[in-house]
Amino acid sequence: MAQGSTTSSDLPAWLAAQLRGWAASDGERLIFVARSAFAAFLALWIAFRLGLDSPGTAMTTTFILALPSSGMVLEKAFYRLLGTVVGCGAALLLIALFPQQAPVLLVGLALWVGLCTAGAAMHRNQQSYSFVLAGYTACMIAVPALEHPAGVFAAAVTRTTEVALGVIVAAVVHDVLFPRAHGRQVRRTVQARYDSFLAFCRQVLAGRLTPAQAELAHLRFAADIAALESGRAAAFFETGARGHTRQLHAFNGAFMTALTTFYTLHRLLHRADAASPVPALRVFLDAPLHALLAGSLEELPAALAPAAGTARAALAARTDLTRGAAIDAETAIELAERFALHLAAFDAIYRGLAQDKRQQVSEPQAYAPKTPPGIVLASGARAAFALLAAATLWYWLAWGQLATSLVMTTVFCALASSSPRPTAMVRQVMTGFLIATPLTFATEFLLVIRASDFPMLVLAAVPLFALALWLMTDPKRAGIGIGMAMFSSQFVAPVNLMHYDAVGMANGMLAQIAGVLLAWVIFAVLLPEHTMGNREHVRAALWREAAHACRRRLGDGKRLRHRFDNRVRDLLSQLNAAAGPTPPAPTRAVVREGLTLLELGHAVIDLRLLLAASMGGPVRNALQAALARLADYLRAPVAGANGAAVAALLDAGGAIRAALATGQCEPDRAARLRTALVDLHAIYTSLLDQAADTLDPTGAHHAA
């Protein structure tokens, strides 16, 4: 409402609405800036009172832990402290093993940093932060101690104490001073996921989304799954949010299951041509599903049963259908019923979370990210090489400040190893360093130098820190803000015995900038394609996961199915992170490939379950041969292997039809054989999508 049209009676309501809007946007950002600045200066004041050697380390730690919610701060604080302790222990061990043997010690440090960086790249969550910290903390302790190894223990204890102080102060301040609980954010995410999924289903069933738009939606859903798991992990550190951990695991698992079933149904409906009976069945399935999605999903399976019965009756009345067309139609009906069951399970878990009810869920599997091994190895090798390259420059140039450059290169090679765009990340931080350089110099030598006590020091330094923190609240400029905060807090924060050395400070600034610049150069020239979300790595990993679905231990199938779903969605999430909001055509092709492999892998697992319960004989032998040829094709997807897999599928379909034609199968076995025909059909059509140019030259249209 415009201010001019606001009457006196509704003015308080208008002001309240304006205030709420401001509080949700700029107000929240200002609270974050004030809270983070308070934590920084409180940590600095306590460090002064305790007489710590480097009070700025405690302050810098609070800036690094400045995150939007208390759960995120507590989670990162825990892993930062853990990584610092492990890194200090590693530094002490290396110095003890190689005292005053700089070359050997640097090689040992490079191996340690490489291992830690590879571990960080593998996990891709806050646990990975512990790996990063363990790597570069060892470097920060051991490198300055090269010439004075006797002081390494004191340096490790001091570092741990200062970091612990910053961790404690940041955790307490962000948890008690206008805290923002992450648990509430997770609940909002769950609500948004539920609404967006139902809206997506309605749009697809109504035909309002093209296949390309549906594929992009699947890509976004993959990112949402990873984001919810990340949010759940942060909320775990908040009081009262741990009880929903199993339900959130179950929610993510149920969502992936329902999404996969819906994708398979959608693909089947989309593949059907004019001669297929499937388009006619949409009258019986689409409309009821679309209508029921607006009602009680708990009753969806029962409500859909009459429509499925009508569709089966209409199908039975058709006498002009080929066997393949009939299987198409039967598969569509079965998938619609399966989707109704999976959606009802998803809805039940959502209702429990929304109403804050504790539910009994049977051993939900957690979503676990995993990076392709090629990228993990490249990240470790790159970090180790960066340290050795910086150390070589240090010895060659004999510039003392290059030890600082070495540490900064190691730090940013490790930190950016988990980023899908490491050069962009390092460039943003370097921009923050460059902006902060003149501002820090001016703050130090025009304002801080005149501060006579701690309040005056706060007044002198707070404008610079507030600017950095404000930029950190802007997602597009967060890297610049982090760079400014890290850089300025190391130079502005005074020590207990303060002296002002402009030349020394300029040298230190130059060394830090040079270290970050070297990290950027290394990411740009050394294995630049081996970064998170690279589509060639993702594509190869997708095929490996599909091949694993043929060979890994089956058990009852639940664990294998969840693991396969988890890995494929995680790979698509990595692809989404690297591609940005508008993925190019080659990336969308990998998405299509991944979704088709997802469909194929689920059909393979279903077929393996049926095979495990079947008796020996020609049918079992033919199915085993088909799975073996399929595994060969997934391991080496070339034309010859594709043709062999297709031929084996056709043989298996023939063997099953022959067994059914004898009329001697018991009803249960006959039902399993018909289900096997459906799975063979799904696998065959998936191969059709993957390699249309390498299909059976006879032109057969159905393995069944």
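**Figure 1. Helix 15 and helix 18 run roughly antiparallel to each other.** Angles under 35 degrees count as roughly parallel, over 145 as roughly antiparallel, 65 to 115 as roughly perpendicular and the rest as oblique. Helices here are DSSP runs (H or I, at least four residues; strands are E, at least two), numbered from the N terminus. Helix 15 covers residues 422-447 and helix 18 covers residues 502-525; they pack at about 170 degrees with axes 9 Å apart. Each axis is a line fitted to C-alpha atoms over the stretch in contact, and angles between N-to-C directions run from 0 to 180 degrees. Among the residues making the contact are Met430, Phe433 and Phe441 of helix 15, with Met509, Ile513 and Trp520 of helix 18. Contact means heavy atoms within 4.5 Å.

A quick note on what you're looking at: this is a predicted model, with local features needing pLDDT of at least 70 and side-chain atom pairs counting only at pLDDT 80 or more, while totals for chains, interfaces and linings use all residues. Residues are numbered from 1 along each chain as its sequence is written, and side-chain values use heavy atoms, leaving out hydrogens and water.

**Figure 2. Helix 8 meets helix 9.** Their axes come within 11 Å and cross at roughly 170 degrees, so these two helices are also roughly antiparallel. Helix 8 brings residues including His218, Phe221 and Arg232 to the contact, and helix 9 brings Phe251, Phe255 and His266, among others. By class, that contact has 11 nonpolar, six polar and four charged residues.

**Figure 3. Phenylalanine 78 pairs up with phenylalanine 237.** It's one of 23 aromatic pairs in the structure. The rings sit 5.8 Å apart, centre to centre, with 45 degrees between the planes, which makes the pair tilted. Rings of Phe, Tyr and Trp (its six-membered ring) pair if their centres lie within 6.5 Å; planes under 30 degrees apart are stacked, over 60 edge-to-face and the rest tilted. With 43% relative accessibility, phenylalanine 78 is partly exposed; buried means under 20% relative accessible area, exposed over 50%, and partly exposed in between (1.4 Å probe, protein chains only).

**Figure 4. Two charged side chains sit over rings.** Arginine 29 lies over the face of tryptophan 470, 3.9 Å from the ring centre. Lysine 76 puts its charged end over the ring of tyrosine 129, at 4.8 Å from the centre. To qualify, NZ of Lys or CZ of Arg must be within 6 Å of the ring centre and within 35 degrees of the ring normal.

**Figure 5. Valine 163 is buried in helix 6.** This helix covers residues 152-176, and valine 163 has 0% relative accessibility. Which residues does valine 163 contact, leaving aside its neighbours within four places in sequence? They are Thr57, Thr61, Arg80 and Thr84. The C-alpha atom of alanine 43, 120 residues away along the chain, is 10.0 Å from that of valine 163.

Terms used:
Nonpolar A, V, L, I, M, F, W, Y, C, P; charged D, E, K, R; others polar.
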